[in-house]
Amino acid sequence: MEAVGHITSAGRASEPAALRVRGARKHFGPVRALAGADLALRPGEVHALMGGNGAGKSTLIKALSGVHPLDAGEIELGGRAIRPRSAHDAERLGISTVHQEVMLIPGFTLAENIAFGREGPWRPGRSREREARARSALARLGIDVDPRRELGACSVAVRQLVAVARALDVRACVLILDEPTSSLDRDETARLLDVLRRLRAQGLAIMLVTHVLEQVEAIADRATVLRDGATVGEVVGADLTRAALVEMMTGGRITPADALSGPGPGAPRGAPPARAGPALLETRSIAGARLPREVSLRVRPGESVGLAGLLGSGRSETVRLIFGAERMRAGALLVDGVARRRWSPRRAGRAGFALAPEDRRTEGILPGLSVRDNLLIALQARRGFRLLRRSAAREALALTGELGVRMAGPGAPIDSLSGGNQQKVLLARWLATRPRAFLLDEPTRGIDVAGREDVLGLMARMRRAGMALVVIAGEIPELLRSCTRAVVLRDGRSVGEAEGTDLTEGAVLAAIARHDR
């Protein structure tokens, strides 16, 4: 296992591993999901598995859970080589996984959910046995809830703990938790972490997959970081700091001189340096269901503002709130200085806003339809199917040539295009509407080098033409290259802002890793 800088795998390396992974590799067609991942999970340990989008965390979890067998590499459980072929096979071996989306049945009782699929034919007294078994499983977690209660009447936190109880009901020696606190508030999260401490004290080996650095610092004994499908290092004990984890996940370095302007709790937010002209877009402490805290930013015409932060910092949720794709629960959204209420994607489109979403496969393209249909849908929605002039359609199709879209023709299925060409069609779709503001969520993800340069060049031309851009990019150097200013998000709120000579990779990383006390 590679050590990065001062980060080592010293400490408990001599202790036997409950679960060990060596050289894990997995491809899905041409896509490399795992490229040599290593991990050692020990009994009585909470081990954090971390990495950004596309790092390989989900694929590794699914390999350990028996969903996706590895192409190469070894998995050992208690020193014995295993190759789980299904979720049931993994559970039988002693590996239980609680996925991010809790897969329980709201209309069943807690006891029925814990026992579902694990009981034989009906026999007298089985209900009492089921309830006693559920009480025992819940008591192990320190939960005093009537197992006869219907799950749908319970809080989200209790449902999450029931999922953990079900996972442990099969005598697991390894428990894998995938983003278990993503739907929990602060108090519910604290309760779950207390349960994990209890289980750790009982000797259980726990793998915690999370993007929340505070939780890792609070409970993890060790952390393994993946990047681009491979293990880049392991952090133990005193080295398990937020700064060390950020450096490993991003590949950057933080120096003591790095600093980014931004308030601590209760401090006033300083205004950004003055620019010519009023803001086209301004958000004031906006919050939503998936953005529980506050994000404030300003964007002027001809300005490209980047949203920097780790996975789960609230970047995508922010642009979705700005576009009206998610409901704003607090704060204010101003367009041209006027507060907008009852905001929606339709109203955002009419106001000249465009959104290129992060997941173009499920939220961007219309699979099964042609390039032409995908290209014209935004124009048709804005002007009406009957009012769309042929000249507008020709202009939209001409954009595919300007952007260098490689295709057999406008009638070709969009599924037949490469990821980079699909992204260019999405950008052309919105450019045909002549937007004033473009929200770009990971616009170059999954695109080859040549396609990436094409998209970055297009973004520069959009900015020079006076368009206001809000850009999300997981790679910080790319964000710095494409943006004139950056706002750093952490845990669902804006914590820093910089432009010009103050906008450096080290400063952004330092803001992401900084403690606010």
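**Close-up 1. Helix α1 and the glycine that comes after it.** G66, which follows helix α1, has a positive phi near 85°. In this predicted model, helix α1 spans residues 57-64, and six of its eight residues are buried, so the helix is largely enclosed by the rest of the structure. The buried positions of α1 are K57, T59, L60, I61, A63 and L64.

**Close-up 2. The edge-to-face pair of F323 and W430.** The centres of the rings of F323 and W430 are 5.9 Å apart and their planes stand at 85°, so this aromatic pair is edge-to-face, the angle being over 60 degrees. F323 belongs to helix α9 (residues 315-323) and W430 to helix α14 (residues 419-431), so the pair ties together parts of the chain that are 107 residues apart in sequence. F323 and W430 are both buried. The model has three aromatic pairs when counted in this way.

**Close-up 3. The edge-to-face pair of W343 and F353.** With 6.0 Å from centre to centre and 85° between the planes, W343 and F353 form an aromatic pair that is likewise edge-to-face. W343 sits in the loop between β15 (338-339) and α10 (345-350), whereas F353 lies in strand β16 (residues 353-356), and the two residues are 10 apart in the chain. Both W343 and F353 are buried.

Close-up 4. Six strands, with mixed pairing, form an open sheet in the order β16-β17-β18-β13-β19-β20. Strands β16 and β20 (493-499) are the edges of this sheet, each of them pairing on one side only. On average, and with direction ignored, neighbouring strands of the sheet are turned by 20° against each other. Strand β19 (residues 485-490) and β20 run antiparallel and are joined by six bridges; within this pairing, R485 has E499 of β20 as its bridge partner. Helix α17 (residues 505-513) packs on the sheet, where it touches β13 (304-308), β19 and β20, and the direction of α17 makes about 20° with that of β19.

**Close-up 5. The salt bridge between D169 and R133.** The side chains of D169 and R133 meet in a salt bridge with an N to O distance of 2.6 Å. D169 is placed in the loop between α5 (156-168) and β7 (174-178), and R133 in helix α4 (residues 126-140), so the pair ties together parts that are 36 residues apart in sequence. D169 counts as buried because its relative accessibility is 15%, under the 20% limit, while R133, with a relative accessible area of 33%, is partly exposed.

Close-up 6. E326 forms a salt bridge with R320, in which the closest N and O atoms are 3.0 Å apart. E326 is buried at a relative accessible area of 15%, and R320 is buried at 18%. In the salt bridge of R436 with D336, the closest N and O atoms are 2.7 Å apart. This pair links distant parts of the chain, 100 residues apart, with R436 in the loop between α14 and β17 (437-441) and D336 in the loop between β14 (328-335) and β15. R436 counts as partly exposed at 33% relative accessibility, as does D336 at 41%.

**Close-up 7. The network of R22, E74 and E76.** Salt bridges that share partners join R22, E74 and E76 into one network. The count of salt bridges in the model comes to 17.

Conventions:
Residues numbered from 1 in each chain as written. Predicted model: local features only at pLDDT ≥ 70, side-chain atom pairs only at ≥ 80, totals over all residues. Heavy atoms only, no water. Phe/Tyr/Trp six-rings, centres within 6.5 Å; stacked < 30°, edge-to-face > 60°. Helix = DSSP H or I, 4+ residues; strand = E, 2+ residues; numbered from the N terminus. Buried < 20%, exposed > 50% of the residue type's maximum accessible area, 1.4 Å probe, protein only. Pairing = 2+ DSSP bridges. Axes fitted to C-alpha atoms, helices over the stretch in contact; angles between N-to-C directions. Contact = heavy atoms within 4.5 Å. Salt bridge = Lys/Arg side-chain N within 4 Å of Asp/Glu carboxyl O.
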